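Me: I would like to learn how to read the features of a model such as this one, taking one kind of feature at a time. Could we begin with how strands are paired?

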Amino acid sequence: MRRTRRPRLCLAGVMTVSALLTAPAARAAEPTDGHLTDLVNPFIGTQNEGNTFPGAAVPFGMVQLSPDTGHSTGYDYSQERIRGFSLVHLSGVGCRIGGDLPVLPTTGDVTRTDDAKYAARFRHEDETAGPGYYRVGLDSGIGAELTATARTGVQRYTFPATDKANVLLNAGQSLHKKVTSEVEILDDRTVRTAITGHGFCRDTLPYTVYTVTRFDRPFTAYGTWDGAAVTPGSRRGGDGAYVRFDTTRDRTVTATTALSYVDAQGAAVNLRTEEGRSFDTVRNAARRAWERRLGTVRVQGGDETLRRTFYSSLYRSFLAPNAGSDADGRYRGWDLRVHRARGFTYYQNWSLWDTYRTQCQLLALLAPREARDMALSVLRVGEEGGWLPKWGYGTVETNIMTGDPVTPFLTTAYQQGLLKGHEERAYRVLRQNADGVPPAGLPMAGREANAEYIANGFAPYVKGRPQAKLGDSDYHQGASVTLEYALSDAMLAQMARGLGHFADADRFAARSRNYRNVFDPSTGFFRARDASGAFAGPADPARSVGFHEGTAWQYQWLVPQDLPGMIGLIGGERAANDRLDAFFAYDRLLADPARTAREVWVHGDPYAYYNAATYNPQNEPDLIAPYTYLSTGQPWKTTDVVHAALTLFTDAPTGVTGNDDLGTMSAWNVLSSIGLFPVQPGYGTWGLSTPVFDRVDLSLDRRYWPGGRLTVTAPGTSAADRYIQSARTDGVPYGRTFLTTRALRSLRSLTFAVGPRPSAWGTSPQAAPPVLK
């Protein structure tokens, strides 16, 4: 999901940009004996609207302490001035949010309060980063270092020798739209703020973040400001505060800032719980936390650049969702009341339209305990807030994007065994969501067009219809919304059947075929229908209307519950393969995969969603499209397309294809590189393709994956030898193009033999992923 439009330091561990740019070309090598964190480059995706951030965080932490350069979502590699180091960043989103409490060290008198004016210049040659750590030398002569715990950000500044070393805490400016802010200097070491803001792509209800910042030594002076008026000696202000130190002898100043979405007490509890350690101790703990997380996947083969790109994607996949409960378990729910999480961590920030397709499945595989808590958190939202979320930020619903992404998110959790003991509870709120529309008094939009969808079998496309609630409207995207609702119905039908709700299962399964109701036989493509039932917009599928961030060409494959049915609509397997070949420019791809990916699929602009008849690897609707060949008898072409798309992920600031969307694109890279991909999001079906590594060892949590370990091998895999000749599961020949979650739970090894030409493997009709009935 992305909204903004903009024109167009690579590190290994903490290697500088200049060192990396002058390093020799990557070459094939054995796995590093060093730390996996050394393979992570946090600068990947910080240019060309990947919208990632290079700063410090721990896995799923509440705090992401990172520099802001003036880009709407925080950091843009092409910019040269840092406005401040702020606490909250969502990795890879397309709209401004977060950026709360930008802090910047300065020297001299404090005369300017606009961060665009006092921003400090820097050079990438003097900038380094690694998991849990960021450092930059400012042209002012000040060095800044950042690290983090789950709920605090720690800053260490090294000043020149001066008696006017300042730290500016700007409560009044952030990436979002500020409503109110307050700042208070509590004593000679502590500053407290409360910041209320709103807005994500469009206006939202307001939310408040509370912070407490404690310095490692007393101030020599302080003051606050309101607007442009600076008041030395003042303890209270509306927009910001400065504190001053004498660094003529001791040149370093360290500050720890705690965050809470509950109240000032929560920020104080988080500070008291997580402070007290030196900067280097916190930095090392963050690095160890990332080492453990990355260590769940060990790869062999490929060159160092490929491994660095892979582990950087794995790193970004573990950045969100984010802890929302304080150290004492309290959190602010979507009813804006304070609740307490007992026996689990409450998480927030739900980019569900994106993450339901890849990232939630990767977390269920590699981080099931956290994924369980995330699913329970979404249930809490549904129960406390009155309805399930669509795109939630902090304590509010944004209603950004359309369809019903929460259903496949939660049914994925159910299918992966993460909801044990909570199945019926989850089913109740999912059925409410699937059969109704949220009351007018709730901010959630839910399935906004559900009444028409249930009555007529499709969501109508009503251009310009006034919106009843903030955010996006399902009525403006009726064609894609029908496909998304139908997908969700299919997944809920499987859950209903598994729980013994057979009448519901039959009803939802019947609704899952509603995709047929937006198929136009005269064009052979899906097409929006207006409120009267007439097909709407241009007949040319590349210029269709009513598809959210895409065209009929791109959405035609979004029927994972019944690909044979969709294939039948367009004329059978031969017609489907011809259309797929045209869609992927397959002949050109075979001749030059990387060039085809960059010049045919990608048109230069990350937000060029429309007027296209080819694959768009930069956006979510197409993420499962390459795996359609698994259902058309030509599975080798899935590998061809996937491996071409993987070339778009590089070890450079532009190395994420489109917005990363809280790890969605990164998870696609990780799963596709391993050769296991969730081809039916919301259900336990994993499509198979050729891995890019000779060997991948996955360490799995035995409470959810009894096998405890899965090893995927493809000896000799390469650009030349990329076609599966045969497969074995635990040594037994295996001819299907998919595995189920049930099979994966006890599996210890998946072995592929590869070669230079396509084979008959996976081509029988019985080999294709199942139809969900």
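Me: Which residue in β30 stands opposite glutamine 300?

Reply: Strands of a sheet pair through backbone hydrogen bonds, either parallel or antiparallel. In this predicted model, glutamine 300 stands opposite arginine 695 in β30, and the two strands concerned, β18 and β30 (residues 695-699), pair in the antiparallel sense over 4 bridges.

Me: In what order do the strands of the open sheet run, and which are the edge strands?

Reply: The sheet is open and consists of 6 strands in the order β18-β30-β31-β35-β32-β33, with mixed pairing. Its edge strands are β18 (297-300) and β33 (732-733), each of which pairs on one side only.

Me: How many disulfides does a search of the whole structure find, and which cysteines form the disulfide?

Reply: A disulfide is a covalent bond between the sulfur atoms of two cysteines. The search of the whole structure finds 1 disulfide, formed by cysteine 95 and cysteine 201, whose sulfur atoms are 1.7 Å apart. The link of cysteine 95 and cysteine 201 is right-handed, with 95° about the S-S bond. Because cysteine 95 lies in the loop between β3 (84-86) and β4 (103-107), and cysteine 201 in the loop between β11 (190-198) and β12 (207-215), the pair ties together parts that are 106 residues apart in sequence.

Me: Is cysteine 95 buried or exposed, and what is the relative accessible area of cysteine 201?

Reply: Cysteine 95 is buried, at a relative accessible area of 2%, whereas cysteine 201 is partly exposed, at 30%.

Me: How should I read a pair of aromatic rings, and what is the geometry of phenylalanine 215 and phenylalanine 219?

Reply: One reads the angle between the ring planes, with planes over 60 degrees apart counted as edge-to-face. Among the 36 aromatic pairs found in the whole structure, phenylalanine 215 and phenylalanine 219 form an edge-to-face pair, at 5.5 Å centre to centre and 85° between the planes. Phenylalanine 215 is buried, with a relative accessibility of 1%, and phenylalanine 219 is buried with a relative accessible area of 9%. Tyrosine 586 and tyrosine 629, by contrast, form a tilted pair, at 6.4 Å centre to centre and 55° between the planes. This second pair links distant parts of the chain, 43 residues apart, with tyrosine 586 in helix α17 (residues 586-591) and tyrosine 629 in the loop between α18 (593-601) and α19. Ring pairs also join Tyr586 and Tyr629 into a cluster whose members include Phe525, Trp553 and Trp601.

Me: Which helices each supply at least two residues of the lining of the largest pocket, and why is α20 described as largely enclosed?

Reply: An α-helix has 3.6 residues a turn, so residues three or four places apart point the same way. Here α5 (304-317), α19 (636-646) and α20 (664-674) each supply at least two residues of the lining of the largest pocket. Because 11 of the 11 residues of α20 are buried, this helix is largely enclosed by the rest of the structure; among the buried residues are Met665, Trp668 and Leu671. Just after α20, glycine 675 takes a positive phi of about 95°.

Me: What is the volume of the largest pocket, and which residues lie nearest its centre?

Reply: The largest pocket holds about 580 Å³ of space, and of its 24 lining residues, Leu306, His643, Leu646, Thr647 and Val692 lie nearest the centre. By class, the lining of the largest pocket divides into 9 nonpolar, 11 polar and 4 charged residues.

Methods:
Residues numbered from 1 in each chain as written. Predicted model: local features only at pLDDT ≥ 70, side-chain atom pairs only at ≥ 80, totals over all residues. Heavy atoms only, no water. 1 Å grid on protein atoms, 1.4 Å probe; cavity = no way out; pocket = protein on both sides within 12 Å on 5 of 7 lines; lining within 4 Å. Points joined across faces, edges and corners; volume = space filled by probe spheres on them. Nonpolar A, V, L, I, M, F, W, Y, C, P; charged D, E, K, R; others polar. Pairing = 2+ DSSP bridges. Buried < 20%, exposed > 50% of the residue type's maximum accessible area, 1.4 Å probe, protein only. Disulfide = S-S within 2.5 Å. Phe/Tyr/Trp six-rings, centres within 6.5 Å; stacked < 30°, edge-to-face > 60°.
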